[in-house]
Each structure stands twice: as C-alpha cells, then as structure tokens.
Amino acid sequence: MPDKKCSEIEQNDCVMPVRSANPIRARSLIRDNLEKQAGCLNLIHSRMPNIKVFSGTSHPDLAQRIVDRLGIDLGKVVTKKFSNLETCVEIGESVRGEDVYIVQSGSGEINDNLMELLIMINACKIASASRVTAVIPCFPYARQDKKDKANAQSRAPISAKLVANMLSVAGADHIITMDLHASQIQGFFDIPVDNLYAEPAVLKWIKENIPEWKNSIIVSPDAGGAKRVTSIADRLNVEFALIHKERKKANEVASMVLVGDVKDKIAILVDDMADTCGTIVHAADRLVEAGATKVYAILTHGIFSGPAISRINNACFEAVVVTNTIPQDGHMRDCPKIQCIDVSMMFAEAVRRTHNGESVSYLFSNVPY
C-alpha cells in the first residue's frame, strides 16, 4: 500500500481479529495481518541506503575482486577524455540515497587518476548519494607529507595535505586507504580515514612461503620504518635491524649503515613502498655483505618506475613481494622475482563493515578469510 504511511497501516489494517467462530478463517486473517506487517517493515527498510561500488580506470581488477567478494555487481560508469584531454565521467545508474564506494588507486597516470576520482566523487555527491567513500589503496602524493630541512627545501609544498583538501571539497565523506607513507596524513582530513595495514597479510605470507622464517630477521631500509618492522618482528618473535641511509637528493642514496646482526640469517626487508628501488637494492647488497644467507623484500606498494625492474632482476633477492594495491601484472611478466599478495578481501571487508556500521579494527591485526 504505497499511498499509506506505516502508522496508517497499523491503525487501519494491522488490527488482529479478537475471535472467529471459524478457525480456518481466523488463521487466514492472522496470516494476512502478518503479511501486511511484513510489507510495512519492508517499506521502512527499502528507504535505507543500499550499496554501490564504482571503479575508476586505475585498477579495475582490484575493484572487480572487491565486488566479487561482496557478492554484488560493479556499478556502471563511463569515463572518457575530450580531445583537449579533459576528463569526463558519466555515472550510468541512480545513486540517490545510496551508500557509494569509489575504488581508485594512486598509480599509473597519477594526476589523471586523481582528477578522475575527484570528478566521480562530485558526480555522485550532486546526484544525491547518501554517503560517498573514496577507497584509495595507494594514496597519491603521500611522500610529500612535510617540509624537509629548512636549509634544503624551505619552500617545499605539503602536497598530501592539498590532496586531502581536494578530496574533502569534492564531497568525500570517508576515506579507506592502506599503509599511508606517514600515519599522520590521517590528520590532514576533517573526515573519517581508515588506514588499513598490510601487516596481517605479510605475516601470513612469511609463515606460508619462507620455511625457515624462525631463523629470520626483519630489516627496515630506513629509520622511518622502524615502527613497522618492530611490530612484525614482535609478532613473529624474531629479531629486527635497520639501515640508516643518507640522501644527497631525492631517489639517490649517499650512504648506508646497518644497525643489527644479520649474519647467517634470512633477512626480510619490509617497507611501505618502492619506487625506483635504489634503496632496497643497496640495502640487499649491504645485507649480503653483512652475512645474510637470503634476502627477501616485502613492500605494500610496488610502484616500480624508471629502472626499478632491471635493478630487481640484477639484485640478489630471493623474491620481491608486493600487494595488489597497484596493478602488478605487467611487472610480474617482466620480473619473475616479483610475487603478489591479494589484499582485495581486506578492502571488501572494510567496505562491508563500514556499510553495516561495524568496527573495522579487526582488520588491523587479522586477514579475513
């Protein structure tokens, strides 16, 4: 009865019969009454926002894995460029009153993908979406999170803060990301940010793929990752070490000093991202010189730009393990040492829990199966 309110249904049509001489008739009236009450409840529930997941062009495979895990279909969206390379986005279905999730990673053509994400967020917001959540597995410009030493770059921008402002102004209500380069980036936002960790998936990979992991040592290639490696080392109950590096300029390491004993141990380098791979290759050489028997590298975001692939091919790694926050199919074809951990189930579970109003803290220390 779409033309009546639920209160009217209760008053007029949901009155239970007091008595009836015919027991069959009484049961029929009760059944009809219960069906009307169920219809009333369905009318209420139908007004609650449903879920829609859309994919940008940066990582459609991850978005498809997320919706497959959730048991829903990917939302229809058309992205194209005009002849002057302006981005145009057309949302192909209604999002009015919906809980919308847009999956777009900071990889590939980063500036184009970021602009596409902003336009998609705004398109959904002005189409009356109830809530818009940006699922950004690899946060763009995360390395530009602070000004460096004043004597070197006193006029350097804090671009990560600028990106945070742009996402908020575009209309994002919530951000889901993974392994931010600096956790403090969460403070750049005035909206909720869920920073998931790859650590549970990394621990699972180590235990399943390195038979001698109990004789390993977890190594950070720089001082900034000390907290990350100590957490993993504590959970594996093994030792940790770190490498102090000095840079003369970006993407160029001047010197490395190893702090810790790696002799006759399996060294596992852990970092949040690798771009040109100069740091981890130098670190691997330093570990072998110090007596490590094998060297693995485990990275959350495998950017692998410039000479990265050739450097890894020529380095002494047993394996370089990355997650699929960034598309890795091409990199894996070019470099047999690269292996990939699927983290789509973590994002899918974060989306499901967020949509249902549940806590996501379980994901900080566990891998959903």
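Which residues does isoleucine 280 touch, not counting residues up to four places away in sequence? I took this up as the opening entry, working from a predicted model.

**Entry: isoleucine 280**

I found isoleucine 280 in helix H9, which spans residues 278-289. Leaving out residues up to four places away in sequence, I listed Leu269, Ala274, Ala297, Leu299 and Phe317 as the residues that isoleucine 280 touches. I then looked up the accessibility of isoleucine 280: the relative value is 2%, so the residue counts as buried, the cut-off being under 20%. I also took one distance, to valine 270, which is 10 residues away from isoleucine 280 along the chain. The C-alpha atoms of the two are separated by 9.2 Å.

**Entry: histidine 331**

Next I asked where histidine 331 lies. I placed histidine 331 in helix H11, residues 329-334. Is histidine 331 buried or exposed? I noted a relative accessibility of 17%, and histidine 331 therefore counts as buried, because this value falls under the 20% limit. With residues up to four places away in sequence again left out, I recorded that histidine 331 touches Gly302, Ile303, Phe304, Ile309 and Ile338.

**Entry: helices H3 and H12**

I turned to a helix pair, H3 (residues 60-70) and H12 (residues 344-355). I read an angle of about 55 degrees for their packing and a separation of 8 Å between their axes.

From H3, I listed Leu62, Arg65, Ile66, Arg69 and Leu70 as making the contact. From H12, I listed Ser344, Met345, Phe347, Ala348, Val351 and Arg352. I sorted the residues of this contact by class and got seven nonpolar, one polar and three charged.

**Entry: the whole chain**

I counted 12 helices and 14 strands in the chain. Of the 369 residues in the chain, 47% are buried. I looked at contacts with a separation of 6 or more, and residues 24 or more positions apart account for 61% of them. For the surface, I noted that the chain exposes about 18,800 Å², with 51% of this supplied by carbon and sulfur atoms.

Definitions and conventions:
Residues numbered from 1 in each chain as written. Predicted model: local features only at pLDDT ≥ 70, side-chain atom pairs only at ≥ 80, totals over all residues. Heavy atoms only, no water. Helix = DSSP H or I, 4+ residues; strand = E, 2+ residues; numbered from the N terminus. Buried < 20%, exposed > 50% of the residue type's maximum accessible area, 1.4 Å probe, protein only. Contact = heavy atoms within 4.5 Å. Areas by Shrake-Rupley, 256 points an atom, 1.4 Å probe, with all protein chains shown as cover. Axes fitted to C-alpha atoms, helices over the stretch in contact; angles between N-to-C directions. Nonpolar A, V, L, I, M, F, W, Y, C, P; charged D, E, K, R; others polar.
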